[in-house]
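Reader: I have a structure to go through. Can you take me through the labels and the cut-offs behind them?

Author: Gladly. Here it is.

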Amino acid sequence: MLRHLLLALLSLCLIPAWAEPVERPHIQVDLKAEVSSFVPGQPFWVAVHFNPEPGWHTYWQNPGDAGAAPKLDWQLPKDWQAGPIRWPIPKAIDLGDIVNYGFEGESSLLVELTPPAGASDTELLVKASWLVCKDSCIPGDALLHLPLKAGAKALPDNSGFFASARARLPKPLDGRGRMEVQQDLVSFALKVPELAGQLPRIFVTSPDLVAASAKPRLIWQGDTLLVSLPKHLLFTEVPDNVRVLLVTPDQALDVGLGGPASPAKAGPPLWLLLAMALAGGLLLNLMPCVFPVLALKAMHLKAGQGWHYLAGVLVSLWVLVLVLWLLRLAGHELGWGFQLQSPWFVALLASLFAAMGLALLAEVQLGTRFMGLGQDQIHQGHPWEAFMTGLLAVLVASPCTAPFMAPAIGIGLTLPLWQLLAVFSALGLGLALPFLLLVQVPALAKRLPRPGPWLASARKLLAFPLLLAAVWLLWVLNSLSGQAFWLLAAWVLGVGLWLLPWRAGRYLAALPLLLVAFWPQPQASSQALAFDEATLKARLAEHRPVLVNMTADWCITCQINERSTLAREEARALFALYDVTYLEGDWTARDPVISRFLASFDRAGVPLYVLYDRQGQPHVLPQLLTPAVLADNLKAILEAEPASAP
């Protein structure tokens, strides 16, 4: 009896630094330590060891196209510290249409633990969770525990196991790489002379950054390897602490990026954005929602009004930018044109355009001065009224600005605030420049036609672009809140025809109402599916090409492209020929899913047309589409690749 008791006491003194493996479906998991006795205050290594059955696999920190990485939740005594997981070298696991990153066979996740200076004997606890897969996937978890003794000297244990586990770790190389995120590509420049011109297998540590199943483009420039990969389908932002693992048959290098943890997205230089905004502002003066108002104001210019007008334009744009910037800072996923997603704002603009257009027609027929809007005061040269005219110009330009300037401003929304204000200031300068030059350069003002009898006919012509803008805004309002668009549109046009100075106008006034009553209702197109990420991912997994159309009812360019190209029979025939799935995302009202998709292509507005080829790589199409442009792009992109997945 005494002999058995002594043997039991001796076994307690020789506690091994591992626990019994935990059995779960198709896998064993256990916790091991490199020491059987630790020294307080000195770090030591532990490992969570996974041993799946043959044919089953677990996952790396980036699982690839599917799967889930193991997680370790340490439940340590007070003041103990657990370091990051050291991941072994993974392999690419091809499963038909998808590629996963993980481990077939045993794998060990190493973690360095640091006990406090006053630590005593303890029991380590960690909750491990994992996903083990073969033809099916089974999630599992276990609470692993390991008793350890504290002593004056560390007693090594499991030396062979940990030597083998360390041999499977990649060699870390910090600060050897740079990353650049472009429109649809993520590029790395990795200084790795150790590989000497070899073409390694590429593993990127961060999930949802690059497409796992895509083949990278590898180019050597001296001792620097250039790597380009398409963005992941669910890419939203640049993650922190990105690392790139390069694996060859004889070595593996874990390359860390130098510079900031989150490299800034690549984009056009500031001077180019300023030039684009200035040119866009100049062209806005010719848009139908702006030109009629400014043309009438230009007839009655007074010296000194130009600078006040410019101030009104700039201040209103600055206020709009600050509101947008603050809302985005608060977490709202807004883009340029967000104001047109508000039914109240659209209703206000529609009312304003209708009032201005009807006032012009009424002034022609009734001889009134209803179309004032500060005009009398501007005749007298009041600075405040010139400033208010600048505000009015921005207000009436906003429906045309949103679709017209979205690409340039969408890139600018990612800039610091002062640069964003500079871009919008360039836009405002372009909008105000013609008016400013006419005031400040008398020779130009003298070339303007003088008011006379012809002006009545000019007002009549200028009224109709305003009325048509009101009709269009009522259509947008109908999409936002379901109001009776066609009846209101017919009323606006009917009143406009009634006010014409011709007797025939009174007979034509009933025509819009008759058209509404007897015009057949348009049928919804059956070729477009509503956009959602699940549908897109499912189609791409089938190696089918997909065309994504991000549109909005308030986007003029979008509507032109859809009517002239995408809604035509030729487009349907092309989609059928190339087996293209056509997905349409409606951004008329705010939608965070579409906002994230736009942001993934550095866009903050619509239109955006993205064609995914059969390998899942995105190609951004031109913003101005014609049947020929669409056909040429489909042919060039989809006929240049194999018709089926390899």
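Reader: Why is Val315 called partly exposed?

Author: Val315 has a relative accessible area of 32%. Buried means under 20%, exposed over 50%, and partly exposed in between (1.4 Å probe, protein chains only). So 32% makes Val315 partly exposed. Val315 sits in helix α5 (residues 305–329); helices (H or I, at least four residues) and strands (E, at least two) are DSSP runs, numbered from the N terminus.

Reader: What should I know about the model itself?

Author: It is a predicted model: local features need pLDDT of at least 70, side-chain atom pairs count only at pLDDT 80 or more, and totals for chains, interfaces and linings use all residues. Residues are numbered from 1 along each chain as its sequence is written, and side-chain values use heavy atoms, with hydrogens and water left out.

Reader: Why is Leu473 called buried?

Author: Its relative accessibility is 0%, so Leu473 counts as buried. Leu473 belongs to helix α11 (residues 454–481).

Reader: What makes Asp174 and Arg243 a salt bridge?

Author: Their side chains meet at 2.7 Å, N to O. A salt bridge needs a side-chain nitrogen of Lys or Arg within 4 Å of a carboxyl oxygen of Asp or Glu. The pair therefore qualifies. Asp174 is in strand β14 (residues 171–181) and Arg243 in strand β19 (residues 243–247), 69 residues apart. By this rule the count comes to 11 salt bridges.

Reader: Are the two partners buried or exposed, and how do you know?

Author: Asp174 is at 58% relative accessibility, so Asp174 counts as exposed. Arg243 is at 22%, so Arg243 counts as partly exposed.

Reader: What makes Arg544 and Asp579 a salt bridge, and which parts does the pair tie together?

Author: The N to O distance is 3.4 Å, so the pair passes the salt-bridge rule. Arg544 lies in the loop between α15 (533–541) and β22 (546–551). Asp579 lies in the loop between α17 (569–577) and β23 (581–586). The pair therefore ties together parts 35 residues apart in sequence. Arg544 also forms a salt bridge with Glu542, with the closest N and O atoms 3.4 Å apart.

Reader: How do you know that Arg544 and Asp579 are partly exposed?

Author: Arg544 has a relative accessible area of 25%, so Arg544 is partly exposed. Asp579 is at 39% relative accessibility, so Asp579 counts as partly exposed too.
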